[in-house]
Amino acid sequence: MQTVWVLGAGQLGAMLQQAAYPLALRVVPLEPEATELPEIKDGDVVTVEREQWPVTPMTEFLSQQPSFMNAGIFGRIADRLYQKQMLDELEIATAPWREVQESSSAEQLHTELGEDVLLKRRTGGYDGKGQFWLYQDQGDEVPSDWLGHAIAEQKIPFEEELSLVGARDSSGKTVFYPLTLNLHSDGILMASVAPVNRVSHLQAQAEAMLSKIMDASNYVGVMAMECFRVGDQLMVNELAPRVHNSGHWTQAGACVNQFEMHLRAVSGLPIKAPEVRGQSVMINIIGIERDRHWLEIPCARTYWYGKEVRKGRKVGHINVNHPQKAAVQAALTELAAYLPEHYQTALDWVQKELRKAD
Ligand code: ADP
Ligand code: MG
């Protein structure tokens with residue numbers, strides 16, 4: 001049996017493993033800290049569920065394998081400085097930015113980028129961690145340990161955040177899911193809605209951008225592109241060369257979900273344009289205990305990751321899907337009773353979106 005070794009053993013690795021069964025592939029997620037190195041055979045492939053990893057005997061071993069997919073891209077995407085340079089080189093719209101150098105000052109960054117500037121650490125950030133807002137009217141300074149380790153971005157007055165999840169195979173064929181509408185709170189994804197017909201006119205623009213990126217890097221597998229929408233213009237916020245949280249709804253709402261699509265692409269099986277079924281909504285479960293009532297909600301499926309619950313930590317998600325929007329709306333109303341108060345804003349946002357005319 002062909003084995004797909006996955007660098008990283010979080011929930012994404014587990015969901016890749018779950019998706020492998022119908023393909024009769026063996027998927028083995030590997031902890032970076034694990035000491036027992038795998039025996040990689042001819043025909044196996046190595047992929048990742050994270051774009052950054054610590055240097056350990058395991059990650060050194062995996063990243064040196066000839067079958068390590070997309071080896072060249074991680075150095076460019078995992079460092080925001082190189083990722084931004086890549087987007088500029090490809091002439092893909094992105095938030096105007098500067099490198100934060102040892103000699104940079106807040107004053108200079110405000111002159112170049114405006115009153116509100118978002119510092120992002122070059123590496124290591126996720127779920128809004130590794131960000132620092134620099135407000136001119138508050139006289140903020142660049143923290144000294146960020147000098148030389150960050151980029152600075154102009155604040156984008158976006159109307160909303162959309163993401164595109166796509167896949168490319170080794171022959172260069174690309175397929176895409178419909179644009180997904182995402183709500184973030186404090187930098188962490190709370191909810192996704194897909195498809196969203198009112199943004200379908202932006203689909204071609206988004207696909208052209210992600211195709212250009214995947215083609216330029218000869219990428220194989222699933223890649224996600226997070227965007228800001230400003231009018232009818234998309235700007236890339238960031239790229240993730242892996243399966244992505246904003247694609248979790250595809251487990252319920254597409255005939256081939258993002259996890260299976262990634263496995264197909266990296267293992268040389270055919271990829272195909274995924275037919276989308278009905279209306280999907282994904283609610284992230286962040287920092288709260290599991291509630292068994294979630295399992296009783298109609299047209300909903302809960303994924304519980306089995307991780308220790310900590311504040312701000314993603315510990316599960318709930319996919320709600322039905323051919324009729326009204327059924328999704330009713331399920332979310334039921335679900336609201338079993339989610340804490342601070343979820344109401346996100347649930348209201350989803351309900352408002354579902355009420356909008358297509
Ligand atoms: P992470 O790796 O933590 O997801 P992102 O760069 O995606 O980092 O930023 C997290 C969130 O912060 C975004 O989804 C968006 O809501 C907000 N954000 C990021 N960049 C900007 C920007 N330039 N202007 C306004 N908001 C931003
Ligand atoms: Mg992000």
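Modeller: Helices here are DSSP runs of H or I with at least four residues, strands are runs of E with at least two, and both are numbered from the N terminus. The model is predicted, so to speak of a local feature requires pLDDT of at least 70 and a side-chain atom pair pLDDT 80 or more, while totals for chains, interfaces and linings use all residues. Residues count from 1 along each chain as its sequence is written, chains are lettered from A and ligands numbered from 1 in the order written, and side-chain values use heavy atoms, without hydrogens or water.

Biologist: Where is Pro 195 found?

Modeller: Pro 195 sits in the loop between β11 and α6 (203-216). A cis peptide bond, with omega about -10°, joins Ala 194 to Pro 195.

Biologist: What is the phi of Asn 70?

Modeller: Asn 70 is not a glycine, yet its phi is positive, about 60°. This residue belongs to the loop between α2 (57-63) and α3 (71-77).

Biologist: How do α9 and α10 cross?

Modeller: Two packed helices are described by the angle between their axes and the distance between the axes. The axes of α9 (residues 325-336) and α10 come within 10 Å and cross at roughly 165°. Axes are lines fitted to C-alpha atoms over the stretch in contact, with angles from 0 to 180 degrees between N-to-C directions. The two helices, α9 and α10, are therefore roughly antiparallel (over 145 degrees; under 35 is roughly parallel, 65 to 115 roughly perpendicular, the rest oblique). Their crossing is left-handed, meaning that the near helix is turned anticlockwise from the far one by less than a right angle.

Biologist: Which residues of α9 and α10 meet?

Modeller: Among them are Val 328 and Leu 332 in α9, and Leu 347 and Val 350 in α10; contact means heavy atoms within 4.5 Å.

Biologist: At what angle do α1 and α8 cross?

Modeller: The axes of α1 (residues 11-20) and α8 (residues 258-267) come within 8 Å and cross at roughly 75°, which makes α1 roughly perpendicular to α8. Leu 12, Met 15, Leu 16, Ala 19 and Ala 20 in α1 meet Phe 259, Glu 260, His 262 and Leu 263 in α8.

Biologist: How many residues line the second largest pocket?

Modeller: A pocket is an open set of 1 Å grid points, over the protein atoms alone, where a 1.4 Å probe fits, with protein on both sides within 12 Å along at least five of seven lines; lining residues have an atom within 4 Å of a point. The second largest pocket is lined by 16 residues, with Ser 185, Asp 186, Ile 188, Met 190 and Ile 286 nearest its centre. The elements giving two or more lining residues are β10 (180-185), β11 (188-194) and α10 (344-355). The largest share, three residues, comes from β10.
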